[in-house]
Amino acid sequence: MIDLTKLHLCKNDHVDGELEDGRLVEFKTKIPSKFDDLIRQSVAMANSVGGFIIFGVNRRTLSVVGIKGDYEALINRFELSISLLSLGVSYDITHEIIDKKDVVILEIKKTPFTTYFSRIESTPARQIAYRYKGDAQNGFSIDKKEMRYTKVFKYMTLDVFLTSLYCGTWRFFEPSKWKDKFEQRFYCANYALPTAKGHTPQLFATCVTRAKNSEAAWKVYSNGQGLGAHCLQLELDIIELRKQLRASGLHFEEKLIEYESENKIMNLHKKRKPYYKDYFSSFTLNSFLRLLSLKREAYSYEEELRLFVIPKTNGKRNKCKKAQHQDLKIKWCDIITKVRIDKKCSDAELVSIQRACFSVGINPVIKNYTFIGNNKPSNGLKEVEFERYDIDDMPGTSSITIA
């Protein structure tokens, strides 16, 4: 049992106390009929400093009252609920007898990664990262960050798309490979913080967007030579994509980009700045990923989302020309829901797209267009709409009269 003499009591609605090591404690006299709020609290503890939820203790008097019923059934209910309502929570749950009364202690472990409250079966697109903010003296509050979307968009050049389909992979790069030096900045930095040890590993990332229409992105990916001069926009099922990346054997993290001023990004590492503490106190892997998700506010129109995969080996980060990549196995058939392709693609390029799609179980369907050779797909292919698209198309007539 926890030594209650080392407990600092809290007067707020979110948690009952704080131990000397910072971990939080919540007392519950009864077993809740529904575990939703319990799982939310577990997520908040895991994303903060960890803690304990103790059943069978009166929170006002701190006396042991015990719980009635089958404690083994309680443990089974909790384990089932946490598997259905959360992602990434690590815990231990034990039964103890104190003063001849049954007490169940749930220990929530602090996680280096982000944990989420998510109804995995009914609403898997909605992920909420709860987190406690504050301390026993100043009172705790709950910080809530929600991600809820069913699809994202990925821009590729035609040559990268064909390679990705034929290889059945998606290439993720070390952030030191990114062209924007502001975004390389914190991956290539030297972390002398004592708390940063083990929390700045080698990792690989790619970017997607929640914005369906981005003229700027389309132009950027239409600037190469040959097949690289044509752009594609893939509409992807984010729920299925998450499943595949989590099954890759690497740790997967998903972060919304935080758009900040250029001045802040340039100076936030300086101790005299007011925002230094927000980024560098109690530094964790999540802190590192947050730094890698900063971008200048001039790009806020992109509505970008960053996907990270982290090897378990905690490898050495590589800078610039030594930056490496990781090719992840992807079942494209299951995540591609729609595609836009450059209207300037030739018939030969379109049939190359068709053949590459056939290789991964996709039958591309273009309205009012028949592929050369009229290739018939095998049975059982998934039909996906491919829209021929010109970013510079203008509706109506191009000839106007101005009087």
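This is a predicted model: local features need pLDDT of at least 70, side-chain atom pairs count only at pLDDT 80 or more; totals for chains, interfaces and linings use all residues.
Residues are numbered from 1 along each chain as its sequence is written, and side-chain values use heavy atoms, without hydrogens and water.

Two packed helices are described by the angle between their axes and the distance between the axes. Helix α3 spans residues 158-167 and helix α11 residues 347-359. Their axes come within 8 Å and cross at roughly 25 degrees. That makes α3 roughly parallel to α11 (under 35 degrees; over 145 is roughly antiparallel, 65 to 115 roughly perpendicular and the rest oblique). Axes are lines fitted to C-alpha atoms, for helices over the stretch in contact, with angles from 0 to 180 degrees between N-to-C directions. Helices are DSSP runs (H or I, at least four residues), as are strands (E, at least two), numbered from the N terminus.

On the α3 side, the contact (heavy atoms within 4.5 Å) is made by Leu 158, Phe 161, Leu 162, Leu 165 and Tyr 166. The α11 side includes Ile 353, Arg 355 and Ala 356. By class, the contact has eight nonpolar, two polar and two charged residues (Ala, Val, Leu, Ile, Met, Phe, Trp, Tyr, Cys and Pro are nonpolar; Asp, Glu, Lys and Arg are charged; the others, Gly among them, are polar).

Helices α1 (residues 36-47) and α2 (residues 71-85) cross at roughly 70 degrees, their axes coming within 10 Å. They are therefore roughly perpendicular to each other. This crossing is right-handed. Asp 36, Leu 38, Ile 39 and Ser 42 of α1 meet Phe 78, Ser 81, Ile 82 and Leu 85 of α2. Five of these residues are nonpolar, two polar and one charged.

The count of aromatic pairs is 15 (Phe, Tyr or Trp rings, the six-membered one for Trp, with centres within 6.5 Å; planes under 30 degrees apart are stacked, over 60 edge-to-face and the rest tilted). Tyr 187 and Phe 288 are stacked, at 6.2 Å centre to centre and 20 degrees between the planes. Tyr 187 lies in the loop between α4 (181-184) and β13 (204-209) and Phe 288 in helix α9 (residues 285-291), so the pair ties together parts 101 residues apart in sequence. Tyr 187 is buried, at 1% relative accessible area (buried is under 20%, exposed over 50%, partly exposed in between; 1.4 Å probe, protein chains only). Phe 288 is buried at 0%.

Key. A crossing is left-handed if the near helix is turned anticlockwise from the far one by less than a right angle, and right-handed if clockwise.
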